[in-house]
Each structure stands twice: as structure tokens, then as C-alpha cells.
Amino acid sequence: MAEVPLTIGLSLGADLEWPIFFEDIIGRLQPRIPFGDDYHTFRVERVTIEPFSLRQPVRYAVLLDRLTHWYHTSREWIKKAVVHDDLYVFNNPFTIQSMEKHTSYAAMMRLGLPVPRTVLLPPKEYETQPDLEVTLAQYARLFELDAVADQVGFPCYMKPFDGGAWRGVSRIENVDQLRAAYEQSGKSIMHLQEAVEPYDLFVRALAVGPQVNVIRYDPAAPMHDRYKVDFNFVEADQWQLLSDMVLTINSFFNWDFNSCESLRKDGAFYPIDFANACPDSQVTSLHFHLPWLVKAKIRWALFVAATHRRVRHHPDWEPYFAIASSDRPYREKLSAYAALAHRSFETDRFLEFCDTHLSHLDEVTWDYFSSDRALEAVRRKVAVIFPPHEVDLYTEHFWGLLQFWRKTERDRLDAIGSHRLPAGEVVDAPLHPLSQAERVEENL
Ligand SMILES: Nc1ncnc2c1ncn2[C@@H]1O[C@H](COP(=O)(O)OP(=O)(O)OP(=O)(O)O)[C@@H](O)[C@H]1O
Ligand SMILES: [Mg+2]
């Protein structure tokens, strides 16, 4: 048997701690996965930014991308690698660039998901361009904001059609606030959306490939406390519905990872924000939930690489639209879409792959999150987010939540009869050096 090494690429921006977790855990896991008469081993490499030939070969078996939705050099490198070399990347920039929040609303409305009533507004101001005057003079209709508001009602939300990071979002209760918000929106193209209120539960459903985790969320809490550590806050059938919903969205758009925000009102879940190219992966937001996400990314990256999963160049929407136009009730349609999603994500094969080849991942991760190395990565992240006098406090805070995760995870692992790893020396690769910016932040 010969060793056939595969490389997992990470295209990163300001991500700091989860890539260290990802690299270290794969380093400790040492996966060896049979491939014909040979076997694959894996290494992780960070993608650098430099000039590239359009014929430059690609050496990654899979790429995790956290950067290209805003950094265009990387976006263009990845797009070239997809069209020229069939690189499997999650998320594929083609599926993100053409599917803004707005398009995702429209498509999911067509599938019957209860997206709140939403109207698109032309921008208040425009970039000056040679043809602008003539176009607007002929075709731009004057409109009454009050009449548009009648279509969605008060309260409502005004937010950018391609939103993200809570930029330019305002809650509006009356016509005066509506006018003020529109004045301030400048050149942004805005949605006006019916508010789902009052809601009794806010959740984010995080998905990586076919893996889903539903987390209770409080948008009013400080940043570090929005993802809640809570259990059993939805019944099994509601959990299933939220899982079916996010998998439907992701497989429809060919997204491998994403997070879907939904609000529950009168027992029904309304999805309000579900086109997140780069779902939050920071320990300072996800804390207790981050080990789940790191493991989910590791499993999906290894599965994609080891099975040589092919990148999908085009979405296939017809089967979804066929279900949408049938006269089945909503819940049945959602199950039918989810069945398509499981086929597309090869869920059965994936689960078998994890059972066969990654059965030690849970124990390796459980062990890793007690290491000095993991603690150092948490501290580094805290040091760039919090002021110096709060670094010790918040490092302890997030580390404490990770240790609480280890406690609940140990109970789970013991309940399923998992065996702890034998004590032994672990040798991690050298820690990724701090960037200049981080050194400045840390006063080094
Ligand atoms: N239709 C709505 N009904 C009720 N609340 C809403 C609605 N739309 C937005 N919100 C509130 O505004 C917040 C920000 O809106 P939204 O999530 O659409 O913007 P975003 O910029 O994508 O945010 P982020 O990137 O932080 O998720 C939501 O988390 C929610 O609290
Ligand atoms: Mg949101």
C-alpha cells in the first residue's frame, strides 16, 4: 500500500483560533483512509495571496474558504481554480456571488418557506455615471414610502438587500422613522421586511454538509453572549423542521456551510436571514458550540477530499420546483426537499465514512480542548477582541465554557461507551506565528 497525501487548503482572513484548532486536531487525528490499493493521509495548508497565473495548478484536494466573499484577489483565484481545475471549495464563490440575501429570499418563497413579506427599494442616491440621468429620467418612478410600507406593515425592518454583519439594519415603527432610515440608506439598495413579532424563540441553525446544529440565539445580548448554552429548547419535530429547512436552503444553492436564522411566532418558524457565506466561527461568539463546528468542518473536509467528491458547477433546481408546485402541505414539501438535500450531500455514505474512519475524532477533540495549546489559541483570539485589562477575564470565561462543553461531551461519550485515548505524548506542529497586526494588538 502506498501513501497518497492530500492537502486541505484554508483560505483565511482574520480567522485566528479555529484554524489552529482545525490544524491541530487533524494533526493529532492522523487520518489514514484507504483509497483503492493505497491510502490517503492529510495535511493542512493556509492559502497565501500573491500573483497567480491562470494556468497555475492547484494542489488542494478541498478548500475551506472564509475570505473570498469580500477579498477579490482570493475570490478570483478560487473561481479560476473551480472552472479550470474543478477545485472543490466550500463555499463555492459562484454560488455566493450570484445568490445574495435577496435572491435567497425569492427562491425560498417559491419553495413555500414562510419568508416574511419583503419589498425591494431603489436606492436613495446613485453613483454618478454617464447614463444615469437619462435612465432615471425615463424610467425611475417616483414612489410614496408610506404606500410601500403598507405592503409590509409596521413594525418592519429596513436592511441591505445583500446584508451581513448587521450593517445598516433598522427596526421601524412609523412613517417618520421610515423616512429617516431611507434618508440614511444612501446608495445602498434596501429591503423593507415585515417584522416577525412578537417571537418567543430565536435560533440559528448551523450546517456543514449534512450536519446540523440548532442553537438558541439572543440578538439583544452583548456579542460574546448571543449564542446561548441551552438544551432541549425545541421539541424533536421542531428541531427536525429547522434541520430540514437549512439543508433545503444549502442544497438548493450548493452551499456546504451556512447558518439560517429563524424566529418562532405562534408555533411557526420564519426564516429571516439565511445567506451567510461565512458563518461566525469565533470562540468569542460560539464558545461552547465551537468544538461542534470544528469537528463538523473536519469531517466534511476529510469526506470531500478522501472520496474525491466532485464540485457541482450548476445547481439543479427542477426537482425542487416540481415539489413546490405539487399540492402537498408545507411540512411534506419540506421533507421532500430535505430528502433531495440528503441525496445531494450523500448523507448515508458520509455517516458510514465517519463511523469507519473517524471514530476517534470525538475523543481526540475532547482531549485537545484541555490542552495548553488550545488555551493559548483562545487567549490569542481574546487579546485581539477585548481590551488588555479584560484579556485574562475573558480568556477564563471562554475557556470555562469550553470546559463545560468537555463535561457534557464526556457524559455523552461515556453514555455511548466511547473509550478515552490512552495517555501519551502528543506533538503538535509549531503554532502559527502571530501576524504583525496581532503583535501590535498584544503589545509584543
Ligand atoms: N423580519 C424581521 N423580524 C424580526 N427581526 C428581524 C427581522 N429582520 C431582521 N431582524 C433583526 O435584525 C437583526 C439583523 O438582521 P439580519 O440578520 O437580516 O441582518 P444581517 O446583517 O444579516 O445580520 P448578521 O450578519 O449579524 O446575521 C436580526 O438578527 C434580528 O434581530
Ligand atoms: Mg442575521
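Predicted model: local features only at pLDDT ≥ 70, side-chain atom pairs only at ≥ 80, totals over all residues.
Student: Where is the place of His-308?

Tutor: His-308 sits in the loop between helix 10 and helix 11 (318-324). Residues are numbered from 1 along each chain as its sequence is written, while chains are lettered from A and ligands numbered from 1 in the order in which they are written.

Student: Is His-308 buried or exposed?

Tutor: Count C-beta atoms, placed from the backbone, within 10 Å of the residue's own: 20 or more others is buried, 12 or fewer is exposed, and in between is partly exposed. His-308 has 12 others, so it is exposed. Its phi is positive, near 55°, and it is not a glycine.

Student: What is the phi of Trp-166?

Tutor: About 60°, again positive in a residue that is not a glycine. Trp-166 lies in the loop between strand 7 and strand 8 (170-172). It counts as exposed because it has 9 C-beta neighbours inside 10 Å.

Student: Which residues does a cis peptide bond join?

Tutor: Phe-154 and Pro-155, with omega about -10°. Pro-155 is in the loop between helix 6 (145-152) and strand 7. The bond from Glu-197 to Pro-198 is also cis, with omega near -10°. Pro-198 falls in the loop between strand 9 and strand 10 (201-208).

Student: How many residues has the largest nonpolar core?

Tutor: In soluble globular proteins, nonpolar side chains tend to be buried together. A core here is a set of buried Ala, Val, Leu, Ile, Met, Phe, Trp, Tyr and Cys residues joined through C-beta atoms within 7 Å. The largest has 93 residues. Val-62 and Ala-205 are among those with the most contacts inside it. Helix 10 (residues 290-306) gives the largest share, 11 residues. A second, separate core has nine residues, including Cys-156 and Tyr-157.

Student: How many residues surround ligand 1?

Tutor: A residue is near a molecule if its C-beta atom, placed from the backbone, lies within 6 Å of it. By that test, 19 residues surround ligand 1. Tyr-157 and Asp-273 are among the closest. Strand 7 (156-160) and strand 13 (268-273) are among the strands that each supply at least two residues of the shell.

Conventions
Helix = DSSP H or I, 4+ residues; strand = E, 2+ residues; numbered from the N terminus.
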